[in-house]
Amino acid sequence: MSMGKFKKYLSVVAVLAAVALVVTGCGASTTGGGTTGGTAPVSITIGIGAPITQGATALGLGMERGAKLAIADMNKSPEAKAAGITFTSTTGDDQGDPKTGVNVANQFASNPNLVGVMGHLNSGVSIPSSAVYSRANIVMVSPASTNPQLTLQGLKNVFRVCTIDSVQGPAAADRATGDLGKKAVFIVDDSTPYGTGLADEFGKEFTAKGGKVLGREKTGDKDTDFKALVTKIKATNPDLVYYGGVYNAGALLSKQLKDGGVKVPMMGGDGLYDGQYIKLAGAANAEGDFATSVGLPLAQLPAGEKFTTEFKAAYPNDEIAAYDAYSYDAATVIMKGVLAAAGKVTAAKVTSPEGRAAVIAAVAATNYEGITGAIAFDANGDTTNKAITLYVVKGGVWIPYVK
Amino acid sequence: MALVEATKTTMQFGGLKAVNDVSMHIEEGEIVALIGPNGAGKTTFFNMLTGIYKPTSGSLTFSGQSVSGKKPNQICRMGIARTFQNIRLFANMTTLENVMVGRHTRSKAGPWQAVLRTPGFKREEAATVAEALKRLQFVGLADKANELAKNLPYGAQRRLEIARALATEPQLLLLDEPAAGMNPQESADLTRLIGRIRTSGVTVLLIEHDMKVVMDIADRIYVLDFGELIAEGKPEEIQKDPKVIVAYLGVGAEAMLAQA
Amino acid sequence: MGGSKMDIRTNVQSGSWSRGKIALAVLLGVLVVFAPVLLQGFQTMSFFVRVLGIIGIYVLLALGLNIVVGYAGLLDLGYVAFYAMGAYAAVILGEKFVAVVQTISNVGLRDFLVSSQFLVMLPVAAIIAALTGLALGTPVLRLRGDYLAIVTLGFGEIIRILATNDFLGLTKGAYGMMAPIAQPLGLAQLQLLPIAIPAIGFNFIFSVNLYWYYIVVLLIILAVFVVRRLDNSRLGRAWVAMREDEVAASSVGVNIMTSKLWAFALGALWGGLAGVVFANAQGFVSPESFTFMESVFIVTMVVLGGMGSIPGVIVGAALIAGIPEMIRGVAQSPLLAGVIDPTLASAISGYRYLVFGLLMVIMMAVRPQGMIPSTRRAQELHPEDEKVLEEEDQSLWDLKHGADRSEHDL
Amino acid sequence: MALSTLIQQMVNGVTLGGMYALIALGYTLVYGIMLMINFAHSEMFMAGAYVGLFTLTGLTNPKLVGSGAVAFLTKNGIGLVLLFTIVFLVAGIAVGLLGVVIERTAYRPLRNAPRLAPLISAIGVSIFLQNAVLLWVDSKALPFPQVFPVIDLKIYGNASISTLQIFILVSVVLILIVLDTFVGKTRIGKAMRATSQDRDAAGLMGVNINTVIALAFFIGPALGAVAGIFNGMYYGTVNWNMGFLPGIKSFTAAVIGGIGNLRGAMLGGFVLGIIESLAAGFLSTGYKDVVAFVILILVLIFRPGGLLGESVVEKV
């Protein structure tokens, strides 16, 4: 009996030992190889941190698409060729889970060729991960995390190309009370940091502009049943419903509002600004709903048209999701920073500590016209592009709202 | 004062009165048997006395204190221990451990002492082992201390259950069909064991179908039938009671009783 | 008297350790202590230190839940509630503690106290979690097994929803809360001693990840020590007895409620401790870390590893928390950059949960008693003893209420 | 609060509760017979919604069935009845068979294993199925086409009930009556009840236990699939992780009603649906689940066997 047991233990140990040997052995044989580069192009890796298999996967996959498109574009560009740099990407599936996200961050940090991370989606993931990147001198540009805390930590390496809630929420409230002439709103959020923040900020400004907040409710981002809420909203008789959240649940709320006889538009932030929103809610239900989004409409920007065409060519089966374009820009910002740093410290030294510092400095000094508009960062790392566009669903598509 | 005093005790399940208006008493030092056909309410009476059921009406006292509404473990602490009709040992604990669990109310070390292994804890554990071994010796299982309870032969399992009950240091021991499934030799051993238990100062209340055991050892007998007490008395009186013979054994069974 | 005290209860635990076992323990100990140093030293491997730290937190959680599920036989599907209590207590009270300490004028003392706040929070959170366990247990432990499972599930959800709704203004709702400080006690000093062997690319600096890894390991050692001693005590025997036969245990004097409450409180305590470490290692706490699926994963660790078996539970937790990360780590490791096509690598890591689900099914079919079952449990759960199981499995509740179906023990 | 609002909330709650009741039946059937919590049941609901969606999309695709047929099926009354009959039958049978296959492969080998083993296996199945849909079908939520003609009917003041809600409610009640009769009156139904009382004794009396178990694993998932389609029609989308929340809610409903008891599951479903709607409507949406779980705890403390559970009958 004890012999069998002993054997069992022994086999466990043997496996562990083998793993340890393989792991350390590999580590010894390859480390240090990454940074030496002669005339051959230097390979620089960009981490893509997004929820791929769990969490808001539709948005996460969009982020991956956008970033990969940007990398492919950049690799074709004369600047990259001139600098002798090829960009590659590695996707870290953070599952929208903070703990897994930090694992991903640590994995990125353990990659000697990785100098920048395009990510993450959820603020709950971005905040703890940003500390890891800071320790490893990795620049992080989030296309989607809007929680103000992210850039208030005093970390020099953290940036975002999306606006924070305190810009988008009030802007939406201004449009709602101004152009749209709305006076009484019912506010709903999805209990995520994004949705809650947006809804909070919208409510504050809406009240400040003389509007009335009739009610404020929290729902879950995976909820499907809003019927009871709709009945409650209906009883308060609002002329607008504001939803802080993402289109998955938001579309359902819009549909159920209209089904339940609340025939007033629903309004939300960039989380709703997605073609899928109209599909899920049904074009008739979504008709007349509003969403704000950062920057100017793609069609109005010189690069927008090009992005749309390229996107269609690369991903014929997919539609542009909420953060595809931001992710394209976020990745581009990082790569431009890398190229600028390469100009200062040479391509081979980009992954060295001084190179990394140069990348961060270059990203901080970003000033470029991206897909989503002009991108530059303030002292905290927030985008200075505070242009917010109001979109409306008309004829089954999102179009910029014109009074 | 009687050790156990049941006054008009009734246990009702829905429309069925499993025990109906039963009054009985057990004096200290006695061996009392409770007999009756299957379904007469004997085990129900045990279950009331050990806190598994709460009597619907009537009173049930032990040493002058009501047991009604008390939990099994509280009643155990008061000094009543029992065995079960279908042996209910902790099958995957060793023989010794089974008896050690019986020392639960007689020991008090809490988790903190256990974690810190305080001198008090060590003393108590040693005492628990010693006391448990004593009980095992008493029932003749000391040599099987490290065997798993479920691996013991049937008769030994019965004795182990008794040892476990005795480890709680009861004043009253309830035995539910202890001789069930035993051969005559084992029954005889059991009878002697019950005698020794009484000698050690423990009162015994016994449910038993084996009339030989009952007649050999019981000081008094109560007879239940359909939840009602139909007779009470010394073995020889019961043997002759026509009500018992008819209700319990059926007409024409006198011969069998005479044999016993 | 029968056997000497040494060979008593050999069935449950062996009193003396064989030489092989000692060698094994030493080897394991060396691995646990030094392997992370090696991993940390090679940059490409350094992220495994973080993964090991997370695995450690799950080991701690699984050891705690094992007291409830493995020893007392109570299915708790809301264990994550205690983990959340610990994490939130660490952040909320830690912040208060730091605020108070900041007023001390002696700089050295102040800095020392600030950096050691998590040490203060460990016992505080453990007590809060244990008290929560008691508070939950008192009304619900009377319930039968499956009813208890759903009530604990509900409790876990209630805690998460309260946190999400910023209950009493304590939790900042969905925004989440930053941990009070970044630099724990002694880390700065440890970082003053780098080890570098450039020839093999070894470059070791004591990282934050390594710091929390060692803290977790210390807590695990403490947990194993405590749990072993509990198992082998009056309370531990009461748990086994209760699990085997509630009616019989109760009739020989075991107070079922008290024993269950102890199991609940002592189990919850480790959840609270794990929460403190998580909050500090993560630096940020938000409700999304404490979902029902977390509870499910912890139960899975206990069952897959082997209920009631300390090595089993440890291995179970390590594998379940580790496998998906390992698959990801290996598939996406820059080491394999040239070997595996990146698309294939991300496809592999995309399939890891599918494979994981399949493995759970296969594992249960092949080894339902868990990978390393406890000696007793293995006997208890031997399929041949089906009949015995069914007879024993009546609980006090059934007997009292005359339930017609036998209520299986876990 | 206006009476019409209260009535509207009751309508909402009863519809939601009807769907919970259907799913809860699956939990309770399996629990009654196997004494196991079929954790993968929520995925039956999800699978049902997907199969229903694909069948419906297929049957309304002119390229597949011809535009004449599509017009008949979607515009004509008889056509609609036929269309939905096919959709529900296909999904019910497909998912029912899936349930049987899962029982065969994942649970049957574990019949004599420790109690928690099937639970873990079920969790594994659940994770597998979710990821299978995520990887092989679509990671995005898919819209559920609105073929069913939805018309709102005023009932009192502002309160109204839609034809879809009526359809769901009537169907649920019919299903419940049929199932109750089936289990109460038919031979195989009696065999199921006998098995749930005492599996061994039923086996000795000549009941084929495997047939009964397979049947429970067919009916439960089939009902779950029906609920999944209702869910898709009612809310308009399907999603790979849509089963999770209704899954725990329905399990809660089954326990509130008294797990193992069919009528209990039905009652529990409606009770939970109504509580949720009232809590969301009159207290706060954010706390509606807290209210639901607190009610659950209270029910169990005061009626430990659930509303229609075993504690009602006390016997020896």
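Select helix α3 (residues 95–102) and helix α6 (residues 154–167) in chain B: their axes lie 7 Å apart, and the two helices pack at an angle of about 30°. That angle makes α3(B) roughly parallel to α6(B), because angles under 35 degrees count as roughly parallel. The crossing of this pair is right-handed. The model on screen is a predicted one.

Now show the side chains where the two helices meet. From α3(B), pick Thr95(B), Asn98(B), Val99(B) and Gly102(B); facing them in α6(B) are Leu160(B), Ala163(B), Arg164(B) and Ala167(B). By type, the residues of this contact are 4 nonpolar, 3 polar and 1 charged.

Stay in chain B and go to Phe226(B), in the loop between β9 (220–225) and β10 (228–233). Most residues other than glycine have a negative phi, and most peptide bonds are trans. Phe226(B) is not a glycine, yet its phi is positive, at about 45°. Is Phe226(B) buried or exposed? Its relative accessible area is 68%, so Phe226(B) is exposed, the cut-off for that being over 50%.

Next, move to chain A and select Gly119(A) with His120(A). The peptide bond joining Gly119(A) and His120(A) is cis, with omega at about -5°. His120(A) sits in the loop between β3 (114–119) and α5 (123–135) of chain A.

Zoom out to see how the chains are placed. Chain A does not touch chain B; the nearest C-alpha atoms of the two are 16 Å apart.

Color chain C by secondary structure. Chain C contains 18 helices and 4 strands. Of its 410 residues, 62% are buried. Its accessible surface is about 14,200 Å², and carbon and sulfur atoms account for 70% of that area. Taking the contacts within chain C between residues at least 6 apart in sequence, 76% join residues at least 24 apart.

In chain C, select helix α2 (residues 47–71) and helix α12 (residues 292–305). Where do their axes stand relative to each other? The axes come within 9 Å and cross at roughly 75°. The two helices are therefore roughly perpendicular to each other, a term that covers angles from 65 to 115 degrees.

Display the side chains at this crossing. On the α2(C) side are Tyr58(C), Leu61(C), Ala62(C), Leu65(C), Asn66(C) and Val69(C), and they meet Glu294(C), Ile298(C), Val299(C), Met301(C) and Val302(C) in α12(C). The contact residues divide into 9 nonpolar, 1 polar and 1 charged.

Then select Glu95(C), which belongs to helix α3 (residues 80–101) of chain C. Its relative accessibility is 34%, so Glu95(C) counts as partly exposed. Which residues does Glu95(C) touch, leaving aside those up to four places away in sequence? They are Ala90(C), Met177(C), Met178(C) and Pro180(C). For a distance check, draw a line from the C-alpha atom of Glu95(C) to that of Ala130(C): the two residues are 35 apart along the chain, and the atoms are separated by 21 Å.

The last stop is Lys172(C), in the loop between α6 (145–164) and β1 (177–178) of chain C. Lys172(C) has a positive phi of about 60°, although it is not a glycine. With a relative accessibility of 41%, Lys172(C) counts as partly exposed.

How values were computed: Residues numbered from 1 in each chain as written. Chains lettered and ligands numbered in written order. Predicted model: local features only at pLDDT ≥ 70, side-chain atom pairs only at ≥ 80, totals over all residues. Heavy atoms only, no water. Buried < 20%, exposed > 50% of the residue type's maximum accessible area, 1.4 Å probe, protein only. Contact = heavy atoms within 4.5 Å. Areas by Shrake-Rupley, 256 points an atom, 1.4 Å probe, with all protein chains shown as cover. Axes fitted to C-alpha atoms, helices over the stretch in contact; angles between N-to-C directions. Parallel < 35°, antiparallel > 145°, perpendicular 65-115°, else oblique. Left-handed = near helix turned anticlockwise from the far one by under 90°. Nonpolar A, V, L, I, M, F, W, Y, C, P; charged D, E, K, R; others polar.
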